[in-house]
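Dear colleague,

Please find below the structure that I am handing over to you. I would be grateful if you would read the notes that follow alongside it.

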Amino acid sequence: MPRLPALAAALAILLAATSFAAADNIGSVYTSTADKDCRKVSNLKLDGDDYAAERTCHGPAGLVVVKSEDDLRETITVGRSASAADKEPAASQGFGPFNSTTNTIEWRVLAGKPFAMIQRWHIADDDDPEKNGRPKSKQMLVVTRLPPGAVCHVAYIDVTANPQANEIARKAADELARGFDCNTGKVSVIGTDGRATALAMASR
């Protein structure tokens with residue numbers, strides 16, 4: 001019969017191996033929120049242009065992505081259906097400055113089940129205008145937790161301030177999203193703070 005210290009050491013090795021195996025099973029899949037890949041379910045026009053619109057897009061494992069735009073500001077939420085997605089905290093987690101998202105969502109998946117998503121946002125900086133007067137966009141990655149449980153923002157990563165922003169976002173998704181409580185948790189800025197994350201946090 002092994003001694004207790006030896007047994008404890010063996011258990012520690014087994015747990016570490018299990019942890020590494022679980023980490024190795026985490027991967028990424030990608031989907032699109034481009035207009036051509038989604039379905040417009042509502043829109044409001046002003047002077048002939050879309051002022052507000054809502055689109056639904058396919059996500060992995062039967063998830064539905066709802067992309068809403070209102071006055072040049074977007075929100076992204078997820079649910080088992082569009083109506084469920086609209087009731088999630090993420091549906092109201094927007095930003096004060098004009099903003100938009102890229103068309104690609106990275107989904108972090110464990111054993112075929114997505115548990116977090118990562119998407120790049122562009123936040124308009126009114127204090128840093130282009131030559132034509134339009135505000136420059138500052139880029140940020142948003143990590144969002146997924147069902148089971150509520151859907152909400154977990155972490156923000158400034159792209160310019162962090163050369164390895166994608167890797168930082170994946171690590172934040174893998175380590176934080178599943179245990180994050182949308183009712184009591186506060187969104188964290190992960191990595192080095194930058195102008196995009198400063199703009200995002202100032203509007204919360």
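The following paragraphs set out what was found, beginning with the overall architecture.

Please note that this is a predicted model. The chain holds four helices and 10 strands, which run α-β-β-β-β-β-α-β-β-β-β-α-β-α from the N terminus. Of its 204 residues, 40% are buried. The accessible surface amounts to about 11200 Å², with 55% of this belonging to carbon and sulfur atoms.

Two disulfides were found. One joins cysteine 38 to cysteine 57, with an S to S distance of 2.0 Å. This pair connects distant parts of the chain, since cysteine 38 lies in strand 2 (residues 38-46) and cysteine 57 in strand 3 (residues 49-58), 19 residues apart. The torsion about the S-S bond is about 105 degrees, so this disulfide is right-handed. Cysteine 38 counts as buried at 15% relative accessibility, and cysteine 57 is buried at 4%.

The other disulfide is formed by cysteine 152 and cysteine 182, whose sulfur atoms are 2.0 Å apart. Here the link is left-handed, with -85 degrees about the S-S bond. Cysteine 152 belongs to strand 9, whereas cysteine 182 sits in the loop between helix 3 (165-176) and strand 10, 30 residues apart. Both cysteine 152 and cysteine 182 are buried.

Finally, helix 4 (residues 195-202) has Ala196, Thr197, Leu199 and Ala200 buried. These residues lie on the same side of helix 4 because they cover an arc of only 160 degrees around the axis. They pack against strand 7 (113-129), strand 8 (135-145), strand 9 (152-158) and strand 10 (188-189).

Yours sincerely

Notes
Residues are numbered from 1 along each chain as its sequence is written. This is a predicted model: local features need pLDDT of at least 70, side-chain atom pairs count only at pLDDT 80 or more; totals for chains, interfaces and linings use all residues. Side-chain values use heavy atoms; hydrogens and water are left out. Buried means under 20% relative accessible area, exposed over 50%, partly exposed in between (1.4 Å probe, protein chains only). Helices (H or I, at least four residues) and strands (E, at least two) are DSSP runs, numbered from the N terminus. The arc is that of the directions from the helix axis to the C-beta atoms. Contact means heavy atoms within 4.5 Å. Accessible areas come from the Shrake-Rupley method with a 1.4 Å probe; for residues, only the protein chains shown count as cover. A disulfide is a pair of cysteine sulfur atoms within 2.5 Å.
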